[in-house]
Amino acid sequence: MDIHKNIFKYKNTFNFETRSSYSGSMSSNIPKIVVTPPGPKAREILERDSKVISPSYVRFYPLVVERGQGSFIYDVDGNVYIDLNSGLGVLNVGHCHPEVVKAIKEQAEKLLHYSNTDFYYEESVKFAEKLVSIAPGSFDKRVFFSNSGTESVEAAIKLARWRTKRQYIIGFIGAFHGRTYGSMSITSSKPVQRAGFSPLVPGIVHVPYPYPYRCPFGASPDEPEECANRTIEFIDEWVLRKFVPPEEVAAIIFEPVQGEGGYILPPKNFIPELRKLADEHGILLIDDEVQAGMGRTGKWWAIQHFGVDPDILTSAKALGGGLPVGATIAKADVMTWPGGSHASTFGGNPVSCASGLATINVIEQDRLVERAAELGEKVKKVLNEWKDHYEIVGDVRGLGLMIGMEIVRDKVSKKKAPDLTREIMIRSWKSGVAVITAGVNVIRIFPPLNIEEEYLFKALDIIRSKIRELS
Ligand SMILES: Cc1ncc(COP(=O)(O)O)c(C=O)c1O
């Protein structure tokens, strides 16, 4: 049956209708592995890839994708997988959502490009109007458009320095903000991301992130708020009062849930306390929502779980529904830089803006933010049962459909088990579940927000069977 044509409405189990889970109940044979991946066509492409593509990419495993629909991906050898990573957090409304594709086609026939840096078009204005209406804070905001997450962070740190005329940026150990020079200089989730690239951008200071399961300050996992308190105390006492003059700090940049660092959810009091500390010293707060934003965590923006408004917010990944676009959204009285001070030829491309607007409309119409919250709770319940049952499942954490499961040798030593984590990922993939890791020992669950419940739990069952095999 042609899944592309079989777009249907279904009543899900959340007491509200969603129109966009369209990959289909007719696909009960999915996942489907017809040849052990990588199959012959995949191997041929991998061979060619190895000759012409930069070897610097990450490449979790040799999956060669031909097409995607809803929550399913099809490889070049005819295998069909359930996608639990949403194309690295981009496809919150699923692969090739018909309304997103329609918006792209319509816009592509009208205007592909006309540098928003130098002229005007309505698509970027419409998209910015929508974004400021859903971004946190009841104050006036402005949007700077770029093409990626790293560029949205570059814009944020340039803006913070420009606006405050201060030099220092405080970032967190374990953070990932991108790979261009400014964002890479703050990124600190794996040494390979920085090794060999120095000298980095000066003026960046790193501090520990409150990681309740492994608090860097020794607080017990049963007292997460204590971990946050000790982190704030450290920044205040040992950084701002010892060697970084607070009046020279432009911004503190943080992920509201650390993504690449291991899906680490900070304690509830952490971001409010960070806000207070920043306010005390006139420091701007930059909230990097590139991975956690756009409804993923069960609110439009993860920071909304903490009751705090940032001064600057960065977004990309899911923002364009599959097309590249980045946005740096700031308080209007922060984003006052003059014409020519920062710009990008392609930023806010009209096709990406149309795609982004359509994506937001789908999320709103199908109540996918609420769905992420409810479905995420169900997933966490299941994973917590695994935690009670399997010695190697050490911790389960997350918000909405941004969930991490930490794999350890055993619960007493809590020793990280990267080999087992990788094995769970690879075996799951070979059985038809595209799932990836975060940090070195965390399985991350971040499916499209409109994934059919049946397939989500089918995929989790497959992962569970791998955990059982390895326990
Ligand atoms: C929180 C966060 N910020 C920034 C980035 C960089 O985004 P991009 O790869 O689009 O440059 C990422 C990418 O994973 C991210 O997770």
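Pro38 sits in the loop between S2 and H1, and a cis peptide bond with omega of about -5° joins Pro37 to Pro38. Pro31 is placed in the loop between strand S2 (17–18) and helix H1 (40–52). A cis peptide bond with omega of about 5° links Ile30 and Pro31. Helices (H or I, at least four residues) and strands (E, at least two) are DSSP runs numbered from the N terminus.

This is a predicted model, in which local features need pLDDT of at least 70 and side-chain atom pairs count only at pLDDT 80 or more, while totals for chains, interfaces and linings use all residues. Residues are numbered from 1 along each chain as its sequence is written, and side-chain values use heavy atoms, with hydrogens and water left out.

**Backbone angles**

Most residues other than glycine have a negative phi, and most peptide bonds are trans. Leu88, in helix H2 (residues 86–89), has a positive phi near 60°. Leu88 is partly exposed at 28% relative accessibility. Cys96, in the loop between H2 and helix H3 (98–110), is not a glycine and has a positive phi of about 50°. The relative accessible area of Cys96 is 41%, which makes Cys96 partly exposed. Buried means under 20% relative accessible area, exposed over 50%, and partly exposed in between (1.4 Å probe, protein chains only).

**Strand pairing**

Two strands pair if DSSP finds at least two bridges between them. The pairs described here are listed below.

| Strands | Sense | Bridges | Bridge partners |
|---|---|---|---|
| S10 (residues 284–288) and S11 | parallel | 3 bridges | Ile286 and Ile312 |
| S11 and S12 (residues 326–331) | antiparallel | 4 bridges | Ile312 and Ala330 |
| S3 (residues 65–69) and S4 (residues 72–75) | antiparallel | 4 bridges | Gln69 and Phe72 |

**Ala354**

Ala354 belongs to helix H9 (residues 350–365). With a relative accessible area of 14%, Ala354 is buried. Apart from neighbours within four places in sequence, Ala354 contacts Ala103 and Gln107, where contact means heavy atoms within 4.5 Å. Arg194 is 160 residues from Ala354 along the chain, and their C-alpha atoms are separated by 35 Å.

**Whole protein**

The secondary structure comprises 12 helices and 17 strands. The protein is as compact as a globular protein of its length, because its radius of gyration of 22 Å is close to the 23 Å that the globule rule gives for 471 residues. That radius is taken over C-alpha atoms, and the rule is 2.2 Å times the number of residues to the power 0.38. Along the principal axes, the C-alpha atoms fill a box of roughly 60 × 60 × 50 Å.

Of the 471 residues, 58% are buried. Of the contacts between residues at least 6 apart in sequence, 72% join residues at least 24 apart. The protein exposes about 19,300 Å², of which carbon and sulfur atoms supply 54%; accessible areas come from the Shrake-Rupley method with a 1.4 Å probe, and for residues only the protein chains shown count as cover.
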